[in-house]
Amino acid sequence: MIIVPEREIADLMTREAAFDAVEKVFAAMAAGDAYNFPVVREAIGHEDALYGFKGGFDKAGLTLGLKAGGYWPNNLEKRDIINHQSTVFLFDPDTGKAKAMVGGNLLTALRTAAASSVSIKHLARKDAKVIGMVGAGHQATFQLRAALEQRDFEKVIGWNYHPEMLPNIEKVAKEAGVAFEAVELEGMTEADVIISITSSFDATLMADHVGAGCHVACMGTDTKGKQEVEAALLQKATVFTDEVAQSISIGEAQHAVGEGLITEGDVHQLGAVINGTHKGRSSDDEITLFDGTGVGLQDLAVAASVVDLAVEQGRAIEVDF
Ligand code: NAD
């Protein structure tokens, strides 16, 4: 069995490899070659922790396994380690033997950023120049860094519920040589692409804050009850997602479907656009929206990719197991 510890991931994994892995697995999901298993998430009654498993099987990529982990809210204060903790386990689909154990913390941020980037590649207007960020926390920096590679963006505009966090994304924009401006939510109408990545339980980005032709990637809503954008925005937009079942139950579409503004049939798989079975954006004025809920197959795809890189570079730890 191969072990790739968390400390090795930053040197091994690239944004490009994460993007390729996620794009391929979204395509395999839409083609019916890959499927996610039901998610298990439990409050374990110890340390206020939420623990669970996200797994799946990709027949096209021959990737089988699961990500185990969750959220330990006391970690940072009590132990000086991050609150989100996860590990990916890969199995040989031919034999069932354990194949690899891979640190999943940084990979989670990279695969989530790759998902919105894949949506920008396939759905944003080619001439997009202004990118808007709603959110400025840990994930937001990864999101922006990856998104800036998808178009010739000239300006980043940002809004955050906690304005004192905006320098986090301003730093990323500056490092990429792109201008940054803090705006009110009304100012988001200037954006050609908007990424929303917050832990909000109430809509902050309203339908009126989004201009014609914009592509919106909603990346924060991954649990029942969370909400980042007004449900009316989904009614106005053409809606895409990683997985329809998750989008309507734990993703942003849970609200628009719950309020009867759209139906399950209005939510399309991004993988269908990648495969060419859905035409994607059909005009420069159309608003497209990607509801990125986060699926186990994304974790397995990037973990398999990092295992390949570790083996290629002679940095994989092999144990007899
Ligand atoms: P973080 O704690 O670093 O940042 C939280 C962000 O949400 C900050 O910008 C904060 O200002 C904002 N925020 C907090 N309360 C708010 C409120 N009431 N209204 C509006 N904004 C508010 O968290 P993070 O690690 O950046 O994660 C952000 C979100 O992304 C979380 O909800 C997390 O569960 C989700 N997430 C989703 C995926 C996925 O695959 N879709 C993957 C990882 C994380």
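## A first look at this predicted model

Aspartate 58 is buried, with a relative accessible area of 8% (buried means under 20% relative accessible area, exposed over 50%, partly exposed in between, with a 1.4 Å probe and protein chains only). This is a predicted model, where local features need pLDDT of at least 70 and side-chain atom pairs count only at pLDDT 80 or more, while totals for chains, interfaces and linings use all residues. Residues are numbered from 1 along each chain as its sequence is written, and side-chain values use heavy atoms, leaving out hydrogens and water.

**Around aspartate 58**

- Aspartate 58 sits in strand 4 (residues 50–58); helices (H or I, at least four residues) and strands (E, at least two) are DSSP runs, numbered from the N terminus.
- Beyond its neighbours within four places in sequence, aspartate 58 is in contact (heavy atoms within 4.5 Å) with Val25, Ala28, Asp33, Ala34, Thr63 and Leu297.

**Two domains**

- The protein chain is divided into domain 1 (2–108 + 297–318) and domain 2 (125–294), with bounds that come from an automatic or database domain assignment.
- The contact between them takes 13 residues from domain 1 and 17 residues from domain 2.
- About 1200 Å² is buried between domain 1 and domain 2, and carbon and sulfur atoms give 56% of that area; buried area is the accessible area (1.4 Å probe) that two parts lose on being put together, summed over both.
- In domain 1, Arg15, Phe26 and Ala30 lose the most area to domain 2, together 39% of what that side buries.

**Salt bridges**

- The whole structure holds 15 salt bridges, each a side-chain nitrogen of Lys or Arg within 4 Å of a carboxyl oxygen of Asp or Glu.
- The count between domain 1 and domain 2 is 1 salt bridge.
- Arginine 315 and glutamate 8 meet through their side chains in a salt bridge (3.0 Å, N to O).
- Arginine 315 lies in the loop between helix 11 (296–312) and strand 16 (317–318) and glutamate 8 in helix 1 (residues 6–12), so this pair ties together parts that are 307 residues apart in sequence.
- Arginine 315 counts as partly exposed at 30% relative accessibility, whereas glutamate 8 counts as buried at 17%.
- A network of salt bridges links Glu8, Asp11 and Arg315.

**Helix 4**

- The side chain of arginine 111 meets that of aspartate 299 in a salt bridge (2.9 Å, N to O).
- Aspartate 299 lies in helix 11 and arginine 111 in helix 4, so the pair ties together parts that are 188 residues apart in sequence.
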